[in-house]
Amino acid sequence: MERDSVDEGFVRTLIGDRYPELAGLEIRRVASGWDNQLWRLGEELVVRLPMTERAPELLRKEFRWLPELAGQLPLPVPTPRFLNEPDALFPRPWSLVSWVPGEPADGVEVTDAARSVANLAGFLRALHRPAPADAPTDPGRGGSLAAVTDDFEALLAGVAEAVDVPRVRRVWDRAVAAPQWTGPAVWLHADLHPANVVVADGAISGIVDFGDLCAGDPAVDLAAAWKLLPQGSDGDFFDAYGGTDEATVRRAQGRAVLKALVLVSVGQAWDRGLPGGQPTWGRAGRQVLERVFASAA
């Protein structure tokens, strides 16, 4: 089923077929990511409808693991409530998850640095515990930076006119050369960027989209110090998180510039009228680079 064939009437029919007791609740479209279309259902629930080939696998992964983790996390997350199998109405599995209040951080500013530092550090301390042996893995997202060198080079070449290439490369090379993580593989969100974080009253207040949840190097998530927080907050963040060494900080900076290049690329796609573009992502990516450069100077 294509995105443009899903509207409020279709979602109401889908809910009425599976959950008639919920059919009278208000339904409204809300901001969505790459893989799922999201419809808010009443005040407490969200309908997640997979729209890409990879989305059902990510949805099932969330349904398997996130309920176990959610109760130990200090910020709200979209905890899965119900998983529905494909049928004649909708050809992919879909879910109902809890609503996380707030505004996506790619559209609003994080102005309360102190509270955001405390909230983000507390969230990642709680999440970053050793994952079980059967936890999902993703070498590209949770492994060494060397594994994504080709991705870095392709992204940098694509946005070379929009970024300071020598400075980006210096940060990247130093990150790749840093000693690798030798501790246990810990749980990772693995895709912390402004569109996957919500803000309320100027502070980070919730984390969404756990489709890339996996086990690996905590530096992957610690890159959020530059992706999500105001410039100059990284020192306070690492103090609040605790237990990081210089190598981990360098790897985190590498992860931050890699994601920044993705954000800039997606912003360029929007500017050029190409598929997959997002209007707010280019600015967000440039801000990430500025923060990293200031920290790594």
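Colleague: Is Arg18 buried, partly exposed or exposed?

Modeller: Good place to begin! This is a predicted model, and Arg18 has a relative accessible area of 27%. Buried means under 20% and exposed means over 50%, so values in between count as partly exposed. Arg18 is therefore partly exposed.

Colleague: Which residue does the side chain of Arg18 meet in a salt bridge?

Modeller: Look for a side-chain nitrogen of Lys or Arg within 4 Å of a carboxyl oxygen of Asp or Glu. Here the partner is Asp87, at 2.8 Å from N to O. Arg18 sits in helix H1, while Asp87 is in the loop between strands S4 and S5, so the pair links distant parts of the chain, 69 residues apart. Asp87 is partly exposed too, at 26%.

Colleague: Where do Arg48 and Glu62 lie?

Modeller: Arg48 and Glu62 form a salt bridge, with their closest N and O atoms 3.1 Å apart. Arg48 lies in strand S3 and Glu62 in helix H2, so the bridge ties together parts that are 14 residues apart in sequence.

Colleague: Are those two buried or exposed?

Modeller: Use the cut-off of 20% again. Arg48 has a relative accessible area of 7%, so this residue is buried. Glu62, at 5%, counts as buried as well.

Colleague: What about Arg28 and Glu26?

Modeller: Their side chains meet in a salt bridge at 3.2 Å, N to O. Arg28 is partly exposed at 23%, and Glu26 is partly exposed at 46%.

Colleague: How many salt bridges does a search of the whole structure find?

Modeller: The search finds 20. Some residues are linked in a network of salt bridges: Asp35, Arg54, Arg141, Asp191, Asp212 and Lys259.

Definitions and conventions: Residues numbered from 1 in each chain as written. Predicted model: local features only at pLDDT ≥ 70, side-chain atom pairs only at ≥ 80, totals over all residues. Heavy atoms only, no water. Helix = DSSP H or I, 4+ residues; strand = E, 2+ residues; numbered from the N terminus. Buried < 20%, exposed > 50% of the residue type's maximum accessible area, 1.4 Å probe, protein only.
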